Structure formats: structure tokens, C-alpha cells
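Reader: Could you walk me through this structure, with the cut-offs behind each term as we go?

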Amino acid sequence: MAKELTSRAENYSQWYNDLVLKADLAENSAVRGCMVIKPYGYAIWEKMQAILDKMFKDTGHYNAYFPLFIPKSFFSKEASHVEGFAKECAVVTHYRLKNDPNGKGVIVDSDAKLEEELIVRPTSETIIWHTYKGWIQSYRDLPILCNQWANVVRWEMRTRLFLRTAEFLWQEGHTAHATSDEAIEETRKMLDVYAEFAEKTMAMPVLKGVKTPNERFAGAIDTYCIEALMQDGKALQAGTSHFLGQNFAKAFDVTFTNKEGKSDYVWASSWGVSTRLMGALIMSHSDDNGLVLPPALAPNQVVIIPIYKKDEELALIKSKALELKEELNKLNISVKIDDRDTHKPGWKFAEYELKGVPVRIAIGPRDLENQTVEISRRDTLEKFSLPQEGLATKVKSLLDDIQQNIYNKAFNHRKENTRTADSYDEFKTILDEKGGFILAHWDGTAETEEAIKNETKATIRCIPLDQKTEIGNCIYSGKESKGRVIFARSY
RNA sequence: CGGGGUGUGGCGCAGUUGGCUAGCGUACCUGCUUUGGGAGCAGGGGGUCCUCCGUUCGAGUCGGAGUACCCCGACCA
């Protein structure tokens, strides 16, 4: 065994780390907290990007690009943005190097100090709203429905591959509207887009909800989110969509003249998902044999592995494989034929399982004789023979089946790990023994939320959008509550 | 920034109270036999033992300083 993974049960975070490294998705770089995304990992991210980008465009958005550097003063303009903002940012103070007069190499030229420092964007609201000021005069200029694909930097103290890195890739949508209702509608619409992407494409069920004031984005009126449950019972925030009200418009003095000829501040939303989704994808479905990719995101949906002893056999098998590949391609199925003679079939089987390829087709002398192929599906690891005749349509429906099956599996896992707690003791017991989502009553105060967090490390993931009205008592304070919120320990 | 740990071929590690030519697994290269679940055998290449200073006849091993990374906290828009 060349690439043995740590088992999930034994040590979940070690398993995750091993998997990311061994499936060739990413690795730590020479730069503190920053990762290298390797070609295979990036191929998956590109598929995510392509699908999301189309969804954004289908909902009327367009892409743009704003600067990487933001003048420091921009961060002082929106009061709550300043207040709630983590200050761990990369700061550019100089613009030139010089040769070290006392040795070799280069040093920072102290004469080249910037008058005002530049911050490497941790998020782009400030620079974008500064820019929007110049774009908006009239209600006729609205709405602006912009999205940016970019990298951002947050100097995190502790990092984990994909889940929290100092630099990460994301998209951030920043929209400007004439009315509050329109901006709220946009915020909710994009949350739905994220939820649909998570469930249909990533096969990952998510809960939609609103963050409590404590967990809200600095500068937002409301932060909506999608929350997913990982296999170890911890929650992961997979995407956020913020209703910003007029806060940024006021901070950057962005006004417009409405139909009545009166001046008003512009209403805003912002929303984003990041390479963190890669972490979510990995942790949602994978097992001790490696990655399990949903067919919708697998760079190769099918891999064909020839099994042969003699070169003549290989020639026959290869032409059969090419024939199958062509048929599959016609149905928009991506196929890789691995006919390398530098690795043996058994090695390849293990390798493609590790990399999460949904369907494997093996063709050997036996199959040539019987006009069959051997199919193996990654999600269940089942193997069976199918006739070569009419194979493509069967593979197509098999892929659909796998996509649905891994969603169902994740959905059932969440269902089994979503519990209600009616007392603080019960709450703590569930948290320690089982984890998962816990539905419990909360009195609505930040103090209670904070106390529970400090005592148990569990946070309110969200107030679910489909929350049912139910009168009860807060598990912590005993005060009245009108509905249950979702608690969990989280990444 | 607090508390703990670790730096030894690409990767994972062992290395005894200081001792002789620094070892094992894996990966890599060559050859033969193999190929339907990570092949076997034989041979081979690859090391400033994190850095500097010190103790010593002698340091991977002991002491000091520095540095990097990992884990636990704090932080995580």
C-alpha cells in the first residue's frame, strides 16, 4: 500500500488532511498559511466556477474586476465594518527593494515608504462602493449586479487546507439597488442560488438561515447563510449572502436621484462562496478509500482501464476503449483512458478510487471474448459486468444514480444527526456524545449565545428560514422563546 | 501572543549511557519474471542529520541561542 489513508473513524482531521494531500488536490506552500492548489484540485474548482458563473449570469449578473489593494483609510469609513472587522490583514508599507549593502540579497528600501498603507483586500465592499459612487447618479443607473472572481487574504492564526487559508479564491457579488425590497430580494435570491448549487451540483444538503447579530458580517443588516453538516458531526458555513442596507452607500456617499426627483442612498447586497466549498465537498462524501466526487463535478466522470498480457491484446482493447469513449462523449460524459504501461491495473484501481472518479470501466481479454466490460461505481464500490452493446446510456443513468445516491446518503446523515434538545444538560450530552445539528430554544440575547459558546464551543449556526413558530423556554436562561434555532460545533 | 511537541535521503520514521562506514519502510533508477485489486526477486543512486555557538579525543546524540513547522488556546468579516 503506497498511499494508505488514515481512517475516518480514527482521526477525522488527519484523514481529511491525508486525503487532500494524497488525492493531489492541494498542499501547503512555502508561504505561511497559503496553499498550492494542484492541477487535479483546480480542475474541480474550475468546474464549480463554471457552473456557478452560469447561474450568476442566468440571474442577470455580470463579471467585473476591482483592485487587489485597498487604501487603509477606506476601512475607517463604515463604522460597524471597522468595529467588527478582524484586523488580521496583510499590509503593504513599501513599494521598493534594494540590494543589501551589507550582504547578499535584497532588503526593503526604507526610502520607499508609502504615504498611506495599502491593505491586501480581505473582502472588497469598501473599494467597490468607492467605485460605485462614480457609476451611480440616477435610478436609471440601477440596479448594478456585479460579481468578481478574485483572491482575498486574511491573516488567519491557524489555517487548514481549503477550510481556512490565509489566501483563498472566491467570488464576491456586490449589488446596488434603488429600494430596500429589491436589495433584500437579491440577497435571498442569491442564497437560493447557493443552496441549489450545493444540493444539485455538490450533492450536499444545506440549511438556509439567518445569522444572529453576533455572527453577522460587519456592516450588514442581515447575513443569510447556507450551513452544511460534515461527516464528523461538525457544521460548515458554505456560503453567505448579506443585506447591507444603506450602510456602505452612506459610508461612501453613494446617492441617486429617484423617480420623484429626490435624492436617496443606494441599497446594497453582497454574497460569496470560496474554495472552502472544496473542503465541504471532500468532507461530505469521501471515505477511507479516498475522495468521492459527485459526477457533476468530477473532472473525469469515467476512467477506462485496459487489462492485458500481450501487446496484441492491448491493441484490441484500446480500439474498443476508444469506441466506448466516443459513444460516451456523445452523451457529454468525460472519459479518460489510462493505457499507461508504467502502472499495473490494481495500482490504477486504487489510484482512481483515491481520486474519486465516479465510474470505472475495466476491459480485459475476458471482456473481449464475452463482449462485456466490468463496471465499478465509486460511491458503493460495487462491481458488475455489462454488455458493451448500449453501454453509454447505461453509464449515463448510472452517473445520474450516483449523483442522487451520494446526495441521499448525505441527506440521511444530516437527518440522523439533527436532534432537538429541551434542556441545557440534554444539549451538552448530545453535543459531546453525538455532535450534529441541535435544534433548541434560545432567548434571543447575545449574552446567552456568548455564554453557550464559551461553555460548550457550540455556536448558533443560523435561525432557519423555515423555522416553525413554537413557544418554548431558552435552554440556557429559561426565558421565553418563539422558535428553535440551530446550534452546532463548527469548522 | 500564551502552553506543549517536532526538525535525520522525495515522503514516513528509527537511531541505546556521546563511539567506529547514519539506518529502515516507501518512493525513485536498471534487469528479468509479472499484469482481473496498490506485483516479486536481484542490483543501484540519493544525506551540509534545521542553523549558529559551545562542551569533548570524538556530537545526529549533551548544553545554549536562533529558526521553521505541527498540536492545544486566543482569532476566524
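Reader: How are β3 and β9 joined, and in which sense do they run?

Author: In this predicted model, two bridges join β3 to strand β9, residues 144-153, and the two run parallel. Strands here are DSSP runs of E with at least two residues, helices are runs of H or I with at least four residues, and both are numbered from the N terminus. Two strands pair if DSSP finds at least two bridges between them. The bridge partner of Tyr62 is Cys146 in β9.

Reader: Before I go on, what do the numbering and the confidence limits rest on?

Author: Residues are numbered from 1 along each chain as its sequence is written, while chains are lettered from A and ligands numbered from 1 in the order in which they are written. Because this is a predicted model, local features need pLDDT of at least 70 and side-chain atom pairs count only at pLDDT 80 or more, whereas totals for chains, interfaces and linings use all residues.

Reader: OK, and what does β9 do with β10?

Author: β9 and β10 pair in the antiparallel sense over ten bridges, and within that pairing Trp149 has Gln171 of β10 as its bridge partner.

Reader: What is the strand order of the sheet they sit in?

Author: It is an open sheet of eleven strands with mixed pairing, in the order β3-β9-β10-β16-β13-β12-β11-β24-β27-β23-β22. β3 (62-63) and β22 (418-420) stand at the edges with a single partner strand each, so one side of each has no neighbour in the sheet.

Reader: And β13 with β16, how many bridges there?

Author: Five bridges join strand β13, residues 235-245, to strand β16, residues 267-274, and these strands run antiparallel. His242 stands opposite Ser270 in β16.

Reader: Which helix lies across that part of the sheet?

Author: Helix α5, residues 180-201, lies across β10, β11, β12, β13 and β16, and runs at about 165° to β13. Axes are lines fitted to C-alpha atoms, for helices over the stretch in contact, and angles run from 0 to 180 degrees between N-to-C directions. Contact between two residues requires their C-beta atoms, placed from the backbone, to lie within 7 Å.

Reader: How does α2 pack on α5?

Author: Helix α2 (residues 39-58) and α5 pack at an angle of about 140°, with their axes 11 Å apart. That makes α2 oblique to α5, given that angles under 35 degrees count as roughly parallel, over 145 as roughly antiparallel, 65 to 115 as roughly perpendicular and the rest as oblique. The crossing is right-handed: a crossing is right-handed if the near helix is turned clockwise from the far one by less than a right angle, and left-handed if anticlockwise.

Reader: Which residues meet there?

Author: Ile51, Leu52 and Met55 in α2 meet Val193, Phe197 and Thr201 in α5. By class, that contact has five nonpolar residues, one polar and no charged. Ala, Val, Leu, Ile, Met, Phe, Trp, Tyr, Cys and Pro count as nonpolar, Asp, Glu, Lys and Arg as charged, and the others, Gly among them, as polar.

Reader: Switching topic, what surrounds RNA strand B?

Author: 38 residues surround RNA strand B, and the closest are Pro122, Met157, Gly346, Gly364 and Arg366. A residue is near a molecule or strand if its C-beta atom, placed from the backbone, lies within 6 Å of it. By class, the residues of this surface divide into 17 nonpolar, six polar and 15 charged.

Reader: Which element gives the most to it?

Author: α9 gives the most, with eight residues. α9 (345-354), α10 (365-370) and β20 (372-377) each supply at least two residues of that surface.

Reader: What does β20 pair with?

Author: Strand β19, residues 359-363, and β20 pair in the antiparallel sense over four bridges, and Arg360 stands opposite Ser376 in β20. An open sheet of five strands with mixed pairing has the order β18-β17-β19-β20-β21. Its edge strands are β18 (335-337) and β21 (383-387), each of which pairs on one side only.

Reader: Last one, where is the cis peptide bond?

Author: A cis peptide bond joins Leu142 and Pro143, with omega about -5°, and Pro143 is found in the loop between α4 (125-132) and β9. Most peptide bonds are trans.
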